[in-house]
Amino acid sequence: MQRRSAARAAAAALVLAGFAASGQTEPPAALVAVLLDSSGSLAPRELDRARQLALEVLASLPAGSEVAVFTFDDQSRLVLPRTSRAEEVQRALAGVRISGRHTALHDALYDASRYLRESGVARSAILLITDGKDEQSALNLDDGLRLAEQGRIPVFAVGVGQVEERGLRRIAKLTGGQYRGAREASGAALVAAMMAAVPAPPVTGSASPPRVTAPGPSRAVERGADPGSPRSGMRRLPSILAALVVLAAVTAALLALRRRARPRCPACRRDLPDASATCSFCAERTAVPPAPSRLEREAAVAELSPTVVARMGGTEEYLEKTVVLRERPVLAVTRGPLAGQVFELSGTSATSLGRAKANDVILDDTSISSQHCRIRPEDDGFTLLDLKSTNGTFVNERRVTSHRLAEGDVIKLGEMELQFRLEQRRG
């Protein structure tokens with residue numbers, strides 16, 4: 001126990017020493033996504049060890065760092081968005097429970113990589129704590145790896161339970177992270193490795209110390225170099241460039257003073273002939289167009305259907321009130337026991353459909369598989385993915401394994417039909 005504590009302290013001291021040598025008092029803040037395996041392949045004591053390790057990482061992160069928590073079993077889910085409040089992370093980790101029969105590891109890696117890449121934080125990493133098994137993921141491992149590599153997001157994998165090490169070592173190797181077993185892993189050592197793997201942002205405003213030379217003749221004179229030689233001219237090049245920069249700065253300052261001395265419009269800052277002149281540009285721009293006559297207003301309304309005009313309460317109300325509408329992606333059940341019900345799709349995480357109670361949309365139909373299909377939000381739309389269902393997934397009467405959804409598409413699962421729609425709602 002004493003050796004492990006000493007190793008953790010040594011790792012933390014090594015990181016701090018490295019940043020001190022670069023002129024920083026402490027490591028810069030980072031964003032870490034914790035991916036916690038909550039599937040039934042882990043025993044409760046193994047989940048406790050994973051939770052404890054995540055808390056150690058939280059305690060060892062530099063000040064100002066943020067943590068986001070993902071769990072994955074039958075599906076991947078974001079249980080805590082990024083936060084710097086330690087009590088929120090502790091509460092989220094304490095609430096993780098073992099559930100489900102499958103392990104959507106590949107989906108979780110993709111979701112976390114996408115989340116970190118879209119966060120805009122330069123220093124980010126993934127802490128993946130799992131046994132390495134993957135079952136029923138809608139995506140391949142390469143999908144998540146590609147996002148992590150593109151975003152320069154290292155994955156630090158920790159194996160718990162009966163570990164499939166080969167896959168976890170591959171994930172860590174390809175993303176620039178590390179793999180460790182749960183027994184030898186420690187929060188301080190993991191954070192030290194994270195800080196070393198993700199380069200710190202450059203410190204702005206710092207300058208390298210000037211080189212100090214001994215007084216006396218220069219090396220060129222000592223070695224008998226000709227001051228007029230090309231080599232001597234190259235030595236004077238920085239001075240010439242500096243003089244040109246100063247000259248350009250002086251010229252720009254003089255032009256700015258000259259422009260500032262000329263009278264300008266206080267609104268648009270355009271030059272005026274004299275201080276008492278009126279800006280013709282602003283006069284044209286601010287000219288108020290004549291109000292439409294009542295006949296013109298009624299003609300505009302006449303183009304609408306009588307039903308719309310009646311509902312708006314007349315011409316004046318239509319012209320004076322505008323309601324902002326926003327699109328809401330939904331699945332509307334058009335056939336089957338749940339006909340008439342509408343389910344909203346999440347724009348940040350996948351929506352699972354099936355007969356099992358662990359799904360986001362539960363379809364009580366014996367012809368539908370327990371984990372039938374999943375709808376994932378992409379960059380500018382939604383993609384339907386079949387999860388190797390028994391009776392298949394059909395879109396517009398055609399069996400699919402993957403399909404980019406368009407408004408009006410009819411999805412058939414077993415004996416049920418659902419339509420993908422973009423409903424309008426008040427903003």
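An open sheet of five strands runs in the order S10-S9-S11-S12-S15, with mixed pairing; strands here are DSSP runs (E) of at least two residues and helices are runs (H or I) of at least four, numbered from the N terminus. Two strands are taken to pair if DSSP finds at least two bridges between them. The edge strands are S10 (361-362) and S15, each of which pairs on one side only. The structure is a predicted model, in which local features need pLDDT of at least 70 and side-chain atom pairs count only at pLDDT 80 or more, whereas totals for chains, interfaces and linings use all residues. Residues are numbered from 1 along each chain as its sequence is written, and side-chain values use heavy atoms, with hydrogens and water left out.

Within this sheet, strand S11 (residues 373-377) pairs with S12 in the antiparallel sense over five bridges. A hairpin of four residues connects S11 to S12, and Arg-376 stands opposite Thr-383 in S12. S12 also pairs in the antiparallel sense with strand S15 (residues 402-404), over three bridges; there, Ser-402 of S15 is the bridge partner of Leu-385.

Burial was assigned from relative accessible area (buried under 20%, exposed over 50%, partly exposed in between; 1.4 Å probe, protein chains only). Five of the five residues of S12 (residues 382-386) are buried, so this strand is largely enclosed by the rest of the structure. In a regular strand the side chains alternate between the two faces of the sheet. In S12, Phe-382, Leu-384 and Asp-386 point one way, while Thr-383 and Leu-385 point the other way, and all are buried.

His-403 is found in strand S15 and counts as buried, at 16% relative accessibility. Contacts were defined by heavy atoms within 4.5 Å. Not counting residues up to four places away in sequence, His-403 touches Phe-382, Thr-383, Leu-384, Val-395, Arg-398 and Asp-409. The side chains of His-403 and Asp-409 also make a polar contact of 3.0 Å. A polar contact is a pair of N or O atoms within 3.5 Å; within protein, one must be able to donate a hydrogen and the other to accept it, and residues adjacent in sequence count only if both atoms are side-chain atoms.

Arg-77 lies in strand S3 (residues 76-83) and is partly exposed, with a relative accessible area of 27%. Its side chain is joined to that of Asp-73 by a polar contact of 3.0 Å. Leaving aside neighbours within four places in sequence, Arg-77 is in contact with Val-69, Phe-70 and Thr-71. Arg-77 and Thr-348 are 271 residues apart in sequence, yet their C-alpha atoms are 9.5 Å apart in space.

The second largest pocket holds about 240 Å³ of space. Its lining comprises 14 residues, of which Asp-111, Arg-114, Tyr-115, Thr-348 and Ser-349 are the closest to its centre. S3, helix H4 (105-119) and S11 each supply at least two residues of this lining, and H4 gives the most, with four residues. On a 1 Å grid over the protein atoms alone, a pocket is an open set of points where a 1.4 Å probe fits, with protein on both sides within 12 Å along at least five of seven lines; lining residues have an atom within 4 Å of a point. Grid points are joined across faces, edges and corners, and the volume is the space filled by probe spheres set on the points.

Helix H2 (residues 44-60) has 17 residues, which at 1.5 Å a residue should span 24 Å; its end C-alpha atoms are 25 Å apart, in agreement with this value. The expected span is 1.5 Å times one less than the number of residues. Buried residues of H2 include Glu-46, Leu-47, Arg-49, Ala-50 and Arg-51, and Leu-53, Ala-54, Glu-56, Val-57 and Leu-58 are likewise buried.

Most residues other than glycine have a negative phi. Gln-136, which is not a glycine, has a positive phi of about 65 degrees; this residue is found in the loop between strand S4 (124-130) and helix H5 (141-150) and is partly exposed, with a relative accessible area of 31%. Asn-396 likewise has a positive phi, near 55 degrees. Asn-396 is found in the loop between strand S13 (393-395) and strand S14 (398-400) and is partly exposed, with a relative accessible area of 42%.
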